[in-house]
Amino acid sequence: MQKIALKGLLREELGQELAKLDERAYRAGQILAWVYEKCAASFDAMTSLSANLRQKLAARFELNAVRALKTRHSGDTTEKFLFELHDHSLIETVLIPATPGLTSRSDRHTVCVSTQVGCAYGCKFCASGLDGFRRNLTPAEIVDQVLQVRALTGQRVTNLVIMGMGEPMANYDNLLKALKIINAPWSLGIGARKITVSTSGLAPQIRRLADEPEQFRLAISLHGATDEVREKIMPVNRKYPLQSLLAACDYYANTKKRMLTLEYILIEGVNDAPEQAQGLA
């Protein structure tokens, strides 16, 4: 029988699985505390649980969904992590400490999370899709990136940006479940307003996110102020041109009563002309 990914379960789902093992419901709270508070690396490390229960958990559940292969450091204290998944696929995750001088909150640590192996959207300025799209990440694989970064660095994660490999909105259901786990008080407890989801412009999913009860933030990977320019560098604009995209953004802003972020990379000779600046304004 295939094991169940523990870090991809909501608390009530874990309780239901424990009931199948004839275990009391309160065990879920004990197990989740070991995973999210005490950073247990194995079921054997959960020493407050009986040896029999630990054996049953090890037989039923998979604890770790990603495995660290390499870490790279940059001069600005940013750290990049290469993780391997169970099918030997590779993804990258980045820890971004607060930049001295730009903020007084030196204790802020942001993790940039991947949501897919590869990407199908082919933005010309992004390397994520160079090898094409392989698959979506599971909720456990999304959640475990954050947990593994915390374990490897000893830093408390305060903010999350969903801006790594892949198009987050193309893995909508798995992403939302992972974010609900990360946001939960029994898990990492990262506030919804400290979690930002970035998208290349999938208009229907933007509207879905607007209707979610959680107050997750939204960032739009724009990079072009006209359809002509945007289509040159972002193929997604052919399916969701600016009129459709901006209508969805208006719906999000009006529904959530919150501003959103527009991301714009300046590319010389492509989107840096004065008329692009005027159109962007």
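Residues are numbered from 1 along each chain as its sequence is written, and side-chain values use heavy atoms, with hydrogens and water left out. Since the model is predicted, local features need pLDDT of at least 70 and side-chain atom pairs count only at pLDDT 80 or more, while totals for chains, interfaces and linings use all residues.

Start with the sheet. Eight strands make up an open, mixed sheet, in the order β3-β4-β5-β6-β9-β10-β11-β12. Strands here are DSSP runs of E with at least two residues, helices are runs of H or I with at least four, and both are numbered from the N terminus; two strands pair if DSSP finds at least two bridges between them. The edges are β3 (67-73) and β12 (261-263), each of which pairs on one side only. From one strand to the next, the twist averages 20°. At the β3 end, β3 and β4 (residues 79-84) run antiparallel over six bridges, with Ala 68 sitting opposite Phe 83 of β4. Helix α4 (residues 139-153) lies across β3, β4, β5 (90-97), β6 (109-112) and β9, at about 120° to β4 (contact means heavy atoms within 4.5 Å; axes are lines fitted to C-alpha atoms, for helices over the stretch in contact, and angles run from 0 to 180 degrees between N-to-C directions).

Now for β10 (residues 195-199). Five of its five residues are buried, so the strand is largely enclosed by the rest of the structure; buried means under 20% relative accessible area, exposed over 50% and partly exposed in between, with a 1.4 Å probe and protein chains only. Ile 195, Val 197 and Thr 199 point one way, Thr 196 and Ser 198 the other. On one flank, β9 (residues 159-162) pairs with β10 in parallel over three bridges, and Val 161 stands opposite Thr 196. The chain gets from β9 to β10 through helix α5 (residues 172-183), in a right-handed β-α-β crossover (clockwise from the first strand over the helix to the second, with the strands pointing away from the viewer). Strand β11 (residues 217-221) also pairs with β10 in parallel, over four bridges, and its Arg 217 is a bridge partner of Thr 196. With helix α6 (residues 203-211), β10 and β11 form a right-handed β-α-β unit.

As for the cysteines, the structure holds zero disulfides, a disulfide being a pair of cysteine sulfur atoms within 2.5 Å. The sulfur of Cys 119 has its closest cysteine sulfur in Cys 126, 6.4 Å away and too far for a bond. Cys 119 counts as buried at 12% relative accessibility, whereas Cys 126 is partly exposed at 35%.
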